[in-house]
Amino acid sequence: MKILIVGSGGREYSIALSLKNDKNVESLYFAPGNGATDELGINLDIKDFEKLADFVENEGISLTIVGPEAPLVEGIVDVFRKRGLTIFGASKAAARLEGSKAFMKDFLARHDIPTARYIQTSSYEKASDFIDTLSAPIVVKADGLCAGKGVIIAKSKDEAKKAASDMLSGESFADAGKTVVVEEFLDGFELSVFAVCDGENYKILPAAQDHKRLLDNDEGPNTGGMGAYAPTPLANDDIYSQIEEFVVKPTLKGMREEGAPYTGVLFVGAMVVGKKVYVLEYNVRFGDPECEVLMPLLKSAPSELFYKAAAGRLNELDLQFKDEFAVGVVVASENYPYKSSAPKPISVTAKNSAHSHISYAGVDKKDGVLYANGGRVLLCVGIGKSVKEARDNAYDLTKKVFFEGAKFRNDIAYQALK
Ligand SMILES: Nc1ncnc2c1ncn2[C@@H]1O[C@H](COP(=O)(O)OP(=O)(O)O)[C@@H](O)[C@H]1O
Ligand SMILES: [Mg+2]
């Protein structure tokens, strides 16, 4: 089959790489893709959803997979489905679980899904009164999409009030901050758990851990994610069963009842406090870099997972994973995440193997040469029989990748190895 992948990051590259080795897949297309995806398929410069659907129809593409949240929130899935096209992703109504934190928190409350105590409001007085009932640290979140920058963990009530006031006035995040969520701080460890859903049925994937901070020991500013690994031994059977029973099942049921059946990937941002799982947030797509460490662990054909989920037939699938671990180390540009960096040519002295490979993200191609174009440039992924072996393979690969100003964390997967 022919498959279109919407997006341009390492996540989309890794989905494509896994599909490339799938015998059901004839050819791949990307909208827009990046400087390296053109080695895996054809990059398209079509932004308009209707025009993209025209292309899919004319080309006989049988499946579209949407990587990032923005097109989902903008309704790409609705446009494609209306035209009878098979697409993997959440509808516009379902994507509100990520597009609005206020909607998401109220949804969790309506369906008794465990989450931090909160209020959502557009009134400074109400936010301030609620802050007075909490003790520091206090979490203040902008309602709308803020590219991972809309959450403040305030160290005092005054700081929390200032954050709420800056958001509500529109100063911090414009319209995305016109409503805020204020919530209690949960002290535990975080997991990323993904459920692939078809509205009715679901498949839970191995739990992963992301590393949001720029520097080793979780120091420095937040980033889009500096590395990930899976499966994490921190998630035991009890945690998986809590996520299934108290999170995924009631969410699918609740979304059906509310007229927005959930399809695509449900990303559960979980915090485990003591032994209890709480939902921090939902995302309506794969995490990036988590996706890059989950795709290589799939034993089942990835085309079947995506196609059956998009077609509402996940119940037919016996999803299998390899008995291995994957660790992904993000290699970023010099000035990330503060400001952009000048393009730098990339050289790689290793070939992809069964033990390690590169997943390309922020890259452009000019005259056949790959350039790091700023931000998160690529991921070195290592595979192994243990977290340690996978990590060693990933770090061995980082030694074979060069561009000026390249930087990465040295402690990815530390929580699994301490
Ligand atoms: N209630 C909370 N208690 C403790 N930490 C939190 C809480 N809410 C969010 N965080 C931290 O802030 C990060 C970002 O918050 P999240 O809700 O995932 O928003 P986003 O990913 O949209 O920025 C989380 O990954 C977590 O580390
Ligand atoms: Mg998050």
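Which residues have the most contacts inside the largest nonpolar core?

**View 1. The largest nonpolar core of the predicted model.** This core, a set of buried Ala, Val, Leu, Ile, Met, Phe, Trp, Tyr and Cys residues joined through C-beta atoms within 7 Å, has 111 residues, and those with the most contacts inside it are V196, Y229, V268, A326 and V327. Buried here describes a residue with 20 or more other C-beta atoms within 10 Å of its own, the C-beta atoms being placed from the backbone. Domain 1 (2–90) and domain 3 (189–417) each supply at least three residues to this core, the bounds coming from an automatic or database domain assignment. This is a predicted model, in which local features need pLDDT of at least 70 and side-chain atom pairs count only at pLDDT 80 or more, while totals for chains, interfaces and linings use all residues. Residues are numbered from 1 along each chain as its sequence is written, and chains are lettered from A and ligands numbered from 1 in the order in which they are written.

**View 2. The surroundings of V268.** When neighbours within four places in sequence are left aside, V268 is in contact (C-beta atoms, placed from the backbone, within 7 Å) with V193, A195, I243, V247, V279 and Y282. Another core, of 21 residues, lies apart from the largest one and includes I131, V139, V140 and A160.

**View 3. Where domain 1 touches domain 3.** The C-alpha centres of the two domains lie 19 Å apart, and 28 residues of domain 1 are in contact with 33 residues of domain 3. By class, the domain 1 side has 14 nonpolar, ten polar and four charged residues, where Ala, Val, Leu, Ile, Met, Phe, Trp, Tyr, Cys and Pro count as nonpolar, Asp, Glu, Lys and Arg as charged, and the others, Gly among them, as polar.

Note on methods: A residue is buried if 20 or more other C-beta atoms lie within 10 Å of its own, exposed if 12 or fewer, and partly exposed in between; C-beta atoms are placed from the backbone. Two residues are in contact if their C-beta atoms, placed from the backbone, lie within 7 Å.
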